[in-house]
Amino acid sequence: MSELTTTIDRDIVIEIGDVPVRVRTGDSAFLQLLEKRYTGFVNRRSYAEFEFDVDLTPPGDVGADDDVRVLQRSGRWSLKRGDFHAEWDSASKSGNIRQSANPYSIDSILRIVHTLVLSKQGGFLVHAASAVRNGRAFLFAGVSGAGKTTIARLAPENATLLTDEISYVREQDGGYSAFGTPFTGELAKVGDNVCAPIAALYLLAKGPQNRIEPLAHADAGRALLANILFFAEDAELVKLVFASACEFVTRVPVYRLTFVPDARVWEMIA
Amino acid sequence: MNNHRYVARSSEIAARRLGNEMMIMSGKDSTLFSLNEVATVIWEAADGLTTLDEIVEHKICQEFDVELAEALRDAEALAEALAEHGVFLLSDEPFQYAPSGKEQK
């Protein structure tokens, strides 16, 4: 078999939040890894809004603990961390990724790409579990240890888990919708690829009894901003994300949810 | 700092009033500021054409029960602190405003 036939490009389209991103790689093993990692979010359609070619490097060729840097220069984004370097042209919506054959690097790159896309659509990614119940989405935000995984694990059977770690929020149809994501936390369970209008945002705190308290807009805004993921060193986009968060808390009810970690907490979610 | 300096809001920030608080975020480093009522009055009056002492005398002392000297000291400290974070611009001359609304000295 000639070398040409072994390096034929292969690709998949990973669609999160209705945004299809094509990832092209000549490595079939890596492709299979991606198909497994993004089960439920892979489609076979030919159209993709963004395209990336992946250039795989040997394992251990790059570090993984550096801070991420996301910069734009002359319309070209550079997404860089110790374990990856991606470049992405805003106009052509295409770019390339240099990383080893692991799912964590491309997972981070996809998160960053979606934060950039959402920043111009009145949306954001936020550290929050989310679930759909009776056709409405509920978000549960908090830092690590606040209870996102716990609340997701306690969700009743009639709730559809969107994520236990990173929620996808976009302004849509005059309100806000939450979309399922494959971005998992401790539960290690990929969310369902569905969306629903957001009914409420709960800020999690564990305590001796279940209690829900409405939050003033300013407190809600501060808390939401503290949990939003945004990496780009870009003043205009930072301002857009700030505006989106402020708008969100004026239109979606935000509560402090103190809870005992058992299933009764879901009796309060409606 | 002298209180005859002109104070202007930077175009490098985003601001939004939420309830009684003015929330401000620096576009450069994502630092979030929350201004109380008095600071918000200064913020809203910082048009680049009015000096800080005029703002204090005509706005702060009119709306709040506070001594002029004390209010000036507090306003000076606030303006300096926010200028260090790029929220305010300070100048001995009035700022010129372009039609776009961006400040230009």
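Me: How many residues does helix 6 of chain A have, and how far does it reach from its first C-alpha to its last?
Reply: Helix 6 of chain A, residues 235-251, has 17 residues and reaches 25 Å, close to the 24 Å expected at 1.5 Å a residue. The expected span is 1.5 Å times one less than the number of residues. Helices (H or I, at least four residues) and strands (E, at least two) are DSSP runs, numbered from the N terminus.

Me: What should I know about the model itself?
Reply: This is a predicted model, in which local features need pLDDT of at least 70 and side-chain atom pairs count only at pLDDT 80 or more, while totals for chains, interfaces and linings use all residues. Residues are numbered from 1 along each chain as its sequence is written, chains are lettered from A and ligands numbered from 1 in the order in which they are written, and side-chain values use heavy atoms, with hydrogens and water left out.

Me: Back to helix 6 of chain A. Which residues in it are buried?
Reply: They are Leu237(A), Val238(A), Lys239(A), Val241(A), Phe242(A), Ser244(A), Ala245(A), Cys246(A), Phe248(A) and Val249(A). Buried means under 20% relative accessible area, exposed over 50%, and partly exposed in between (1.4 Å probe, protein chains only).

Me: And Arg251(A), which helix is that in?
Reply: Arg251(A) is in helix 6 of chain A too. Arg251(A) has 34% relative accessibility, so it counts as partly exposed.

Me: What does Arg251(A) touch?
Reply: Leaving out residues up to four places away in sequence, Arg251(A) touches Glu171(A), Gly174(A), Gly175(A) and Tyr176(A). Contact means heavy atoms within 4.5 Å.

Me: At what angle do helix 5 and helix 6 of chain A pack?
Reply: The angle is about 135 degrees, and the axes of helix 5 (residues 217-227) and helix 6 of chain A are 9 Å apart. The two helices are therefore oblique to each other. Among the residues making the contact are His217(A) and Leu224(A) of helix 5 of chain A, and Phe242(A) and Phe248(A) of helix 6 of chain A.

Me: How are those angles taken and named?
Reply: Axes are lines fitted to C-alpha atoms, for helices over the stretch in contact, and angles run from 0 to 180 degrees between N-to-C directions. Under 35 degrees counts as roughly parallel, over 145 as roughly antiparallel, 65 to 115 as roughly perpendicular, and the rest as oblique.

Me: Helix 3 of chain A next. How many of its residues are buried?
Reply: 16 of the 17 residues of helix 3 of chain A are buried, so this helix is largely enclosed by the rest of the structure. The end C-alpha atoms of helix 3 of chain A, residues 103-119, are 24 Å apart, which agrees with the 24 Å that 17 residues should span at 1.5 Å a residue.

Me: Switching to chain B. What is its secondary structure?
Reply: Chain B has three helices and eight strands. From the N terminus on, its elements run β-β-β-β-α-β-α-α-β-β-β. Of the 105 residues in chain B, 40% are buried.

Me: Where do helix 1 and helix 2 of chain B make contact?
Reply: The axes of helix 1 (residues 37-45) and helix 2 (residues 52-63) of chain B come within 10 Å and cross at roughly 135 degrees. The contact is made by Val38(B), Val41(B), Ile42(B) and Ala45(B) of helix 1 of chain B and Leu52(B), Ile55(B), Lys59(B), Ile60(B) and Glu63(B) of helix 2 of chain B.
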